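Me: I'd like to learn how to read cavities, helices and annotated sites in a model like this one. Can you walk me through it?

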Amino acid sequence: MNNLHSIQRMRRLRKTEKLRTLFQETHLSVNDLCLPIFVEEELDDYMPINSMPGVMRIPEKRLAYEIERIANAGIKSVMTFGVSHHLDDNGSDAWQENGLVARMSRICKETVPEMIVMSDTCFCEYTSHGHCGVMHGHLVDNDATIHNLGLQAVAAARAGADFIAPSAAMDGQVAAIRHALDEAGFTDTAIMSYSTKFASALYGPFRDAAGSCLKGDRKTYQMNPMNRREALHESLIDEREGADALMIKPAGAYLDIIRDLREHTQLPIGAYQVSGEYAQIKFAAQAGAIDETRVALETLGSIKRAGADLIFTYFALQLAEANAL
């Protein structure tokens, strides 16, 4: 070829490991990860979650030990989910001063005060029907539910939670929680809003983990997975209501939404690699189809590359303890 000299030779920056590292654009570290944990009261021993290999329900009496282990691995934040044995129609245990929500935050902060505790704020694990709020007939009562979310948020904040993380997908929930926190004197407690939460089929294993008794679905209050413009609109509403950070859930199938949001907000963005995404990687690796660690890192890196600042992932502890980051 006479014009060989004009070829753009991208290989020049790829020919050694040091060169590839030097010019790498996106970097993933343990500081980018938050570990979701499941804590069950009145449980004697760890309970494996069969649909999420490597994840267990933690007995409440072992929570302090696990928080120390998580902190020693270098992880700086956890998201707490409770598995309650005290269910009722409204999920009232979730806002009791010594209910499971409060006890989880209290134990975490008393054990490792510097651990950033994000308290998942919802009712699906505390209601007898498995929906995310107060039921009137076959529908969740939005306004009654956001009042109760405020009660739950204050109980968690009083117990030491650094972030309230509302996942109930109720309209106006961020404004209601911000008002309740401020009225109770918790003006410095932040809100990590599940601001765009899709009615995804990828949550299946989570329901095993949380012991969900849900009948039916949550499509009347979670988002249609096929709606891109509405996804952005929903997150920007939460920003206007006072959220300190926004979240897209799930993450991997919604990288376009993460990128859209990144281009329209200056707030920090979280993205949740959900139970089904985790399980797909785990079971494919067990079948010998993929390299588990490499795929976990690649998928997490793609979420960060799309624009997320913080990633919620069940791989966090495994990767941290293996020094894979």
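Me: Which elements each supply at least two residues of the lining of the largest cavity?

Reply: Some ground rules come before the answer. This is a predicted model, where local features need pLDDT of at least 70, side-chain atom pairs count only at pLDDT 80 or more, and totals for chains, interfaces and linings use all residues. Residues are numbered from 1 along each chain as its sequence is written, and side-chain values use heavy atoms, with hydrogens and water left out. Elements are DSSP runs numbered from the N terminus: helices (H or I, at least four residues) and strands (E, at least two). On a 1 Å grid over the protein atoms alone, a cavity is a set of points where a 1.4 Å probe fits but cannot get out; a pocket is an open set with protein on both sides within 12 Å along at least five of seven lines; lining residues have an atom within 4 Å of a point. Here, S9 and H6 each supply at least two residues of the lining of the largest cavity.

Me: How many cavities does a search of the whole structure find, and what volume does the largest have?

Reply: For volumes, grid points are joined across faces, edges and corners, and the space filled by probe spheres set on the points is what counts. The search turns up 2 cavities of 30 Å³ or more. The largest cavity comes out at about 140 Å³. It has 18 lining residues, and those closest to its centre are Lys 197, Tyr 203, Phe 206, Arg 218 and Lys 249.

Me: Where does UniProt put "binding site" positions, starting with the arginines?

Reply: Take such records with some care: the positions are given in the numbering used here, feature names are shortened, and annotations may be inferred rather than shown by experiment. An unreviewed UniProt entry lists Arg 207 and Arg 218 under "binding site". Both Arg 207 and Arg 218 are part of the lining of the largest cavity. Arg 207 sits in helix H6 (residues 204-210), while Arg 218 is in the loop between H6 and H7.

Me: Which cysteines carry the "binding site" label, and what does Cys 132 contact?

Reply: The unreviewed UniProt entry places the feature at Cys 122, Cys 124 and Cys 132. From this set, the lining of the largest cavity takes in Cys 122 and Cys 124. Cys 132 lies in the loop between S5 and S6, and its relative accessibility of 1% makes it buried. Contact means heavy atoms within 4.5 Å. Leaving aside neighbours within four places in sequence, Cys 132 has contacts that include Cys 122, Cys 124 and Arg 218. Cys 122 is in the loop between strand S5 (116-121) and strand S6 (135-136) and is buried too, at 2%.

Me: What about Ser 275 and Tyr 314?

Reply: UniProt's unreviewed entry gives "binding site" for Ser 275 and Tyr 314. They are spread over 40 residues of sequence, yet cluster in space, with a largest C-alpha distance of 7.6 Å. The lining of the largest cavity includes both Ser 275 and Tyr 314. Ser 275 is found in helix H9 (residues 275-286) and counts as buried at 1% relative accessibility. Beyond four places in sequence, the contacts of Ser 275 include Tyr 203, Phe 206 and Tyr 314.

Me: How do I read a helix, say H7, and which of its residues are buried?

Reply: Next come the faces: Ala 231, Leu 232, Ser 235, Leu 236 and Asp 238 are buried in H7. They cover an arc (taken from the directions from the helix axis to the C-beta atoms) of only 155 degrees, which puts them on the same side of H7. The face turned away from that buried side carries the exposed Arg 229 and Arg 240. Among the elements covering the buried residues are helix H5 (173-183) and strand S9 (190-197).

Me: And which residues of the largest pocket lie nearest its centre?

Reply: Arg 20, Gln 24, Glu 25, Thr 26 and His 27 do, out of 15 lining residues. The largest pocket has a volume of about 510 Å³, and H10 gives the largest share of its lining, 5 residues.

Conventions
Buried means under 20% relative accessible area, exposed over 50%, partly exposed in between (1.4 Å probe, protein chains only).
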